[in-house]
Amino acid sequence: NAYTAYTWFPGSKQVFNLFLIPAVFMSGAISLGLCYIIYKSSRKVRPQLIIELALLAMIVVPFFLPKMHERYFYSADVLAIVFAFFSPSRFWVPILMVGSSFVSYQPFLFEQDLLPLPVLTLAILVLIVLLGADTVHQLFPSAVAIGADGLESGPDTRPPAARSAYIPQ
């Protein structure tokens with residue numbers, strides 16, 4: 001009942017075993033990619049970012065590794081609560097993480113499914129994408145971003161004199 005990427009695979013053991021070794025290599029590649037992104041950043045890593053990176057790793061690794069159980073997400077549940085103290089504006093992260101864990105324990109504890117497992121998997125995938133995007137944004141703040149008006153905005157590359165001059169439009 002773990003909400004991993006493999007809940008969307010067919011239930012036959014032969015199909016699952018076919019993807020077992022490639023899935024381990026894919027998980028390693030994802031983890032190394034995360035490490036490479038952190039390495040390439042020139043930003044000083046603050047405690048809040050360390051907690052966010054640890055939380056992202058605690059969610060990503062068991063999500064993409066095959067044969068994971070609910071217990072492998074315990075550390076992510078605890079770290080999500082710690083993360084809420086560092087980033088109170090993102091209170092939804094521990095609610096989504098711990099809530100998904102709680103719902104995944106229901107078949108074992110009370111013999112009832114509150115939500116189908118693929119729905120929980122989708123919720124955790126959305127959490128990974130949102131935390132990953134926020135982490136990349138914090139590590140590379142000068143990267144080009146799309147503003148609310150839909151236009152690209154990036155670092156101001158004009159010379160210092162042009163930046164301070166008022167030019168009416």
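Leaving aside neighbours within four places in sequence, which residues is Val98 in contact with? Asp77 and Ile81. Contact here means heavy atoms within 4.5 Å. Point 6 returns to Val98.

1. **Basis.** This is a predicted model: local features need pLDDT of at least 70, side-chain atom pairs count only at pLDDT 80 or more, and totals for chains, interfaces and linings use all residues. Residues are numbered from 1 along each chain as its sequence is written, and side-chain values use heavy atoms, with hydrogens and water left out.

2. **Overall layout.** The chain has seven helices and two strands. Both are DSSP runs, numbered from the N terminus: helices are H or I with at least four residues, strands are E with at least two. From the N terminus, the order is α-α-α-α-α-α-β-β-α. The chain has 169 residues, and 30% of them count as buried. Buried means under 20% relative accessible area, exposed means over 50%, and partly exposed lies in between (1.4 Å probe, protein chains only). Take the contacts in the chain with a separation of 6 or more: residues 24 or more positions apart account for 72% of them.

3. **Nonpolar core.** The largest nonpolar core holds 24 residues. Such a core is a set of buried Ala, Val, Leu, Ile, Met, Phe, Trp, Tyr and Cys residues joined through side-chain atoms within 4.5 Å. Leu55, Ile59, Met97, Ile124 and Leu131 have the most contacts inside this core. At least two of its residues come from each of helix H3 (47-64), helix H4 (74-86), helix H5 (92-109) and helix H6 (117-139). H3 gives the most, with seven residues. Ile124 deserves a look. Not counting residues up to four places away in sequence, Ile124 touches Tyr3, Ile59, Phe63, Leu96, Met97 and Ser100.

4. **Leu127.** This residue lies in helix H6. Leu127 counts as buried because its relative accessibility is 0%. Beyond four places in sequence, Leu127 touches Ile59, Trp92, Val93, Leu96 and Met97. Leu127 and Pro94 are 33 residues apart along the chain, and their C-alpha atoms are separated by 10.0 Å.

5. **Arg90.** Where does Arg90 lie? In the loop between H4 and H5. Arg90 counts as buried because its relative accessible area is 14%. The side chains of Arg90 and Glu52 are joined by a polar contact of 3.4 Å. A polar contact is a pair of N or O atoms within 3.5 Å; within protein, one must be able to donate a hydrogen and the other to accept it, and residues adjacent in sequence count only if both atoms are side-chain atoms. Residues up to four places away aside, Arg90 touches Gln48, Glu52, Phe83, Asp134 and Gln138.

6. **Val98.** Back to the opening residue. Val98 lies in helix H5. Its relative accessible area is 31%, so Val98 is partly exposed. Val98 and Ala80 are 18 residues apart in sequence, with 7.7 Å from C-alpha to C-alpha.

7. **Positive phi.** Lys67 is found in the loop between H3 and H4. Lys67 is not a glycine, yet its phi is positive, near 60°. Glu111 lies in the loop between H5 and H6. Glu111 also is not a glycine, and its phi is about 55°, a positive value. Is Glu111 buried or exposed? Glu111 counts as exposed because its relative accessibility is 75%.

8. **Leu20 and Lys67.** Leu20 sits in helix H2 (residues 20-40). Not counting residues up to four places away in sequence, Leu20 touches Pro66 and Lys67. Leu20 and Lys67 are 47 residues apart along the chain, and their C-alpha atoms are separated by 8.6 Å.

9. **Largest pocket.** About 170 Å³ of space lies in the largest pocket. On a 1 Å grid over the protein atoms alone, a pocket is an open set of points where a 1.4 Å probe fits, with protein on both sides within 12 Å along at least five of seven lines; lining residues have an atom within 4 Å of a point. Eleven residues line this pocket, and the closest to its centre are Ala2, Thr4, Tyr6, Lys67 and Met68. The lining divides into six nonpolar, four polar and one charged.

Note on methods. Grid points are joined across faces, edges and corners, and a volume is the space filled by probe spheres set on the points. Ala, Val, Leu, Ile, Met, Phe, Trp, Tyr, Cys and Pro count as nonpolar, Asp, Glu, Lys and Arg as charged, and the others, Gly among them, as polar.
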